[in-house]
Amino acid sequence: MIIDPWGSQKYEYEKLFENFGIQKFDENTWKDLPSPPFFFRRKIVFGHRDFERIKHAIKRGDKWAILTGLMPSGKMHFGHKIVIDQVIYYQSIGAEIHIAVADIEAYATRGYTLEEAKRIAMEEYILNYIALGLKPCRIYFQSENEDVKDLAYLLAKKANWSQVAAIYGFGGATNMAHVFAPFIQTGDILHVQMEKYSGICPTLVPVGVDQDPHIRFCRDLADAHRLYSIVKQDGKTGIFVKGDENVKELLDEAEIVIREYGKILERKDDYKAIYAMVNDLFALDIKLAEIERKHGSYGFILPSSTYHRFISGLDGNKMSSSRPQYALFLSDTPEEAKKKIWAAKTGGAATAEEQRKHGGKPEECIIYELFTYGLIKEDKELQEIYEGCRGGKILCGECKKLANQLMTEFLMEMKEKREGARDIIKEYIS
Ligand code: TRP
Ligand code: SF4
């Protein structure tokens, strides 16, 4: 099984935990966060890597950053909205926000010119982000950021062809700009930690689960450029110098910061190691990264990630701009949306009579899914629909009517806010 970020697979989410080591994102993960949003409570965000690091920063009031990206291809649909909902939430609880417009990726993998990609990003995506409530933050274009491109190239030194081919399934006919796209994405994710942006800090990348190969790749590449490695074994921690240069100096400097965060048990120069009891590994990691920078190295903290489930298209397959009849776009007119909603797949029974008797299946219903993805705000109301449906008390016609009404309100509001967004879009682009 491989995850193809450019494909259109449907996922068996359960398998992702075993096969790829994605961690479960459940109530224990989010319960301490300020006003947990609907995409946590309703299990839309279902997996993560290293989210504990982010929680640690939030709890201590330390600096942390969000970096996510959008590939400007086609129109923005309801499925794309969920990422921005997350960014807006994280912005409200203090993250520094960076958003990449993946124009190089759109060029390399989808056949757009950079000009087309730019136009789509500005006219479709960014206006909608602002309309959804994103406050001023940093949005940049891959093709215009020299730091991203330089990093992509320079970090690439520690990856080789076999590794990249194995992760992505690239073959002899893959164009080399496409092969390079994951490196650019790594540049996106890590450049945030350069001094002139957010500096060394935990970075969270909220994405759809199709992006996990990029996350793994980026974490491996960041790690490969670290000078220290931290290994935890039965409550003890080993801090190792990886290379053969400046070993004594690096151990000396590590010793000082380890003392700040714990107790040294033993230093073994011939193993290039210090063993210690450390009470705050995340904080120590940042201090070690700072030492690495003084030695001219990159010192990037491995990025954390969260993964959300994709919203289904109105026919039950993946929602995608390439199948417009089954996608709800943020720029649809209420009439267009209405038509599509009436034709949507539900979990209703064949006849009204049967449904009254046996109930419907909200788990298999696209209308119910739309409610879950934010059309209905109150959990209690959602729960009532769920139970009403299961008990045969409400029928699909009523639900569709409600969906139409809510969708119409939403689309009209978006339209109006997009107009206002034009005046302030400049505050976002850098
Ligand atoms: N590859 C992402 C997509 O297809 C877009 C993207 C580019 C991205 N750079 C990123 C996502 C960095 C997250 C982080 O949508
Ligand atoms: Fe879906 Fe509503 Fe029909 Fe139940 S009654 S299957 S929730 S549309």
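This is a short walk through the largest pocket of a predicted model and the ligand found there.

Let's start with the space itself. Rolling a probe the size of a water molecule over the atoms shows where empty space is left. In this model, the largest pocket holds about 980 Å³ of space. It is lined by 42 residues, and M71, H80, R110, D210 and Q211 are the closest to its centre. If you sort the lining by class, you find 20 nonpolar, 17 polar and five charged residues. Several elements build this lining with at least two residues each: the strands β3, β4 (96-101) and β6, together with the helices α5 (78-92), α6 (103-110), α7 (114-132) and α10.

Now bring in the ligand. Ligand 1 sits in this largest pocket. Two or more residues of the shell around ligand 1 come from each of β3 (65-70), α10 (176-191) and β6 (203-208). That shell divides into six nonpolar, five polar and two charged residues. Of the 13 residues around the ligand, the nearest are G69, E105, Q185, D188 and Q211. Q211, then, is also one of the residues closest to the centre of the pocket.

Zoom in on the nitrogen atoms of ligand 1 and you will meet some of these neighbours again. E105 places a polar side-chain atom 2.7 Å from a ligand nitrogen, and D188 likewise has a polar side-chain atom 2.7 Å from a nitrogen of ligand 1. For Q185, the distance from a polar side-chain atom to a ligand nitrogen is 2.9 Å.

Key:
Residues numbered from 1 in each chain as written. Chains lettered and ligands numbered in written order. Predicted model: local features only at pLDDT ≥ 70, side-chain atom pairs only at ≥ 80, totals over all residues. Heavy atoms only, no water. Near = heavy atom within 4 Å. Polar contact = N/O pair within 3.5 Å; in protein donor to acceptor, adjacent residues only side chain to side chain. 1 Å grid on protein atoms, 1.4 Å probe; cavity = no way out; pocket = protein on both sides within 12 Å on 5 of 7 lines; lining within 4 Å. Sits in = over half its atoms within 2 Å of the grid points. Helix = DSSP H or I, 4+ residues; strand = E, 2+ residues; numbered from the N terminus. Nonpolar A, V, L, I, M, F, W, Y, C, P; charged D, E, K, R; others polar. Points joined across faces, edges and corners; volume = space filled by probe spheres on them.
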